[in-house]
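Here's a quick briefing to read alongside the model. Have the sequence and the 3D view open as you go.

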Amino acid sequence: ETGVTQSPTHLIKTRGQQVTLRCSSQSGHNTVSWYQQALGQGPQFIFQYYREEENGRGNFPPRFSGLQFPNYSSELNVNALELDDSALYLCASSHPDVHYGYTFGSGTRLTVV
Amino acid sequence: SQQGEEDPQALSIQEGENATMNCSYKTSINNLQWYRQNSGRGLVHLILIRSNEREKHSGRLRVTLDTSKKSSSLLITASRAADTASYFCATDRGYSTLTFGKGTMLLVSP
């Protein structure tokens, strides 16, 4: 049990559709990051939110967007899905005062067909 | 793009043996972290070593960091079947974002 909850666990979407993935972080963890992990690869940083503002972005196109809410939950939205978007999407949160590493959720497995 | 590179890509050992995984990275870092991932699910944080530290222990884990060589190693002593997983190193350059390697798949046979 990590304290970070992601939903849904699995999702199948059609190319061109839009998807919203959700993450609920631990209380007090006001930094949340999203990562994409393709099969056989390490996670790649998508973006990070701090106090509801985007605080850094990786090499992902604008059709990847996010939101963070005051209750420590966040969303990852992907528009115009492509087959290559099929991956495990991971949410990670951290506490601003204690840098001991990140707490990851179990991920959402997205399959685009 | 991947910052780190783990070596070996896969490692198969017997229970009770030690497992050593290496990680190399390219840029200066604030800290380096190791994570474990079971069956393609979420990552579990194992240990964090700061750039001014050379060695750190946590239970059966021992991590070393050589910033001059831009490399780190993770040693798991007295391996158990439950240690079977993928292990990733991740570097933090101080911007609170992690850059991961491709990981080492460890198989521990009973």
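**Salt bridges, cores and the A–B interface**

At 41% relative accessibility, A:Arg22 counts as partly exposed (buried means under 20% relative accessible area, exposed over 50%, partly exposed in between, with a 1.4 Å probe and protein chains only). This is a predicted model, where local features need pLDDT of at least 70, side-chain atom pairs count only at pLDDT 80 or more, and totals for chains, interfaces and linings use all residues. Residues are numbered from 1 along each chain as its sequence is written, chains are lettered from A and ligands numbered from 1 in the order in which they are written, and side-chain values use heavy atoms, with hydrogens and water left out.

**Salt bridges**

- The whole structure has seven salt bridges over all chains (a side-chain nitrogen of Lys or Arg within 4 Å of a carboxyl oxygen of Asp or Glu).
- A:Arg22 pairs with A:Glu75, with the closest N and O atoms 3.6 Å apart. That links distant parts of the chain, 53 residues apart: A:Arg22 sits in strand S3 (residues 19-24) of chain A and A:Glu75 in strand S8 (residues 73-78) of chain A (strands are DSSP E runs of at least two residues, numbered from the N terminus).
- A:Glu75 counts as buried, at 15% relative accessibility.
- B:Arg60 and B:Asp83 meet in a salt bridge at 2.9 Å, N to O. B:Arg60 lies in the loop between strand S6 (55-58) and S7 of chain B and B:Asp83 in the loop between S8 and S9 of chain B, so the pair ties together parts 23 residues apart in sequence.
- B:Asp83 is buried at 8% relative accessible area, while B:Arg60 is partly exposed at 22%.
- B:Arg62 and B:Glu55 form another salt bridge (3.2 Å, N to O).
- A:Arg63, A:Glu82 and A:Asp85 are linked in a salt-bridge network.

**Where the chains meet**

- On chain B, 22 residues are in contact with 23 residues of chain A (contact means heavy atoms within 4.5 Å).
- The two chains bury about 1,700 Å² between them, 46% of it on carbon and sulfur atoms (buried area is the accessible area, 1.4 Å probe, that two parts lose on being put together, summed over both).
- There are zero salt bridges between chain B and chain A, but six residue pairs are in polar contact, both at pLDDT 80 or more (a pair of N or O atoms within 3.5 Å; within protein, one must be able to donate a hydrogen and the other to accept it, and residues adjacent in sequence count only if both atoms are side-chain atoms).

**Inside the chains**

- The largest nonpolar core has 21 residues, and those with the most contacts inside it include B:Trp34 and B:Tyr87 (a core is a set of buried Ala, Val, Leu, Ile, Met, Phe, Trp, Tyr and Cys residues joined through side-chain atoms within 4.5 Å).
- A second, separate core of 19 residues includes A:Val32 and A:Phe47.
- B:Thr104, in strand S11 of chain B, is buried at 0%. The B:Thr104 side chain reaches the backbone oxygen of B:Pro8 at 2.5 Å.

Methods
Helices (H or I, at least four residues) and strands (E, at least two) are DSSP runs, numbered from the N terminus.
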